[in-house]
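Here are my notes on the structure you sent over. Have it open beside you and take the points one at a time.

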Amino acid sequence: MLLAADGIVGPATWSGLVVSVAPGSTRANAVRALQFQLRKHGHALTSGTARLNGGLGESCGPGVAIDGDDGIVHQYCHPDSRSVSDGARVTTGQLVAHTGNTGDSTGPHLHFGIFRQGVSICPQQLLIALYDNLTPPSPWTLPASGCTS
């Protein structure tokens with residue numbers, strides 16, 4: 001399925017984007033798979049400093065935010081365990097957490113967010129480009145409004 005880079009992810013596209021994993025999965029770890037895909041396309045996702053819970057409180061579960069060297073923050077929510085400590089230096093490709101069902105969650109999944117200067121930005125164009133095996137846009141060019149959930 002070829003997805004249009006229209007910034008809209010909804011019922012018609014979820015089947016092509018969602019990967020089901022079990023809590024704590026290491027073989028099909030959604031966090032590591034996302035890091036791999038972003039790194040494959042030149043987006044060094046995790047180089048930076050780890051921040052536990054990422055400022056989202058308990059709704060995120062034992063989440064991890066990576067304060068990137070480029071000023072972009074990458075947020076991973078709902079893991080069942082973390083592989084990094086608060087303030088640790090994180091390098092590209094390093095495992096930071098195992099997918100789970102913690103915080104405000106109804107099933108095992110990865111809640112991934114991108115923040116630019118403290119503002120949540122829409123990751124859909126980036127994720128769709130990765131799905132279509134295209135070079136993803138820079139997080140600095142992604143919109144901060146019009147996101148779909």
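This is a predicted model: local features need pLDDT of at least 70, side-chain atom pairs count only at pLDDT 80 or more; totals for chains, interfaces and linings use all residues.

1. S3 (residues 72-77) and S7 (residues 111-116) are paired in the antiparallel sense, with six bridges. To find your place, pick out glutamine 75, whose bridge partner in S7 is glycine 113.

2. S7 has another partner, strand S8 (residues 119-121), to which three bridges join it, again antiparallel. Here isoleucine 114 stands opposite isoleucine 121 of S8. S7 and S8 make a hairpin with two residues between them. Have a look at glutamine 117 in that turn, which has a positive phi of about 50°.

3. Stay with isoleucine 114 for a moment. Which residues does it contact, leaving aside neighbours within four places in sequence? The list is Ile72, Val73, His74, Val119, Ser120, Ile121, Pro123, Leu126, Pro139 and Leu142.

4. Isoleucine 114 also shows up in the largest nonpolar core, which has 15 residues. Along with Val64, Ile66, Val84, Val90 and Val96, Ile114 is one of the residues that touch the most other members. Strand S2 (64-68), S3, S7 and helix H3 (124-131) are the elements that give two or more residues to this core. As background, nonpolar side chains tend to be buried together in soluble globular proteins.

5. Finally, step back to the whole chain. It has three helices and eight strands, and along the sequence they follow the pattern α-α-β-β-β-β-β-β-β-β-α. Of the 149 residues, 42% count as buried. The chain exposes about 7,400 Å², with carbon and sulfur atoms supplying 55% of that area. Among contacts between residues at least 6 apart in sequence, 55% join residues at least 24 apart.

Methods: Residues are numbered from 1 along each chain as its sequence is written. Side-chain values use heavy atoms; hydrogens and water are left out. Two strands pair if DSSP finds at least two bridges between them. Helices (H or I, at least four residues) and strands (E, at least two) are DSSP runs, numbered from the N terminus. Buried means under 20% relative accessible area, exposed over 50%, partly exposed in between (1.4 Å probe, protein chains only). Contact means heavy atoms within 4.5 Å. Accessible areas come from the Shrake-Rupley method with a 1.4 Å probe; for residues, only the protein chains shown count as cover. A nonpolar core is a set of buried Ala, Val, Leu, Ile, Met, Phe, Trp, Tyr and Cys residues joined through side-chain atoms within 4.5 Å.
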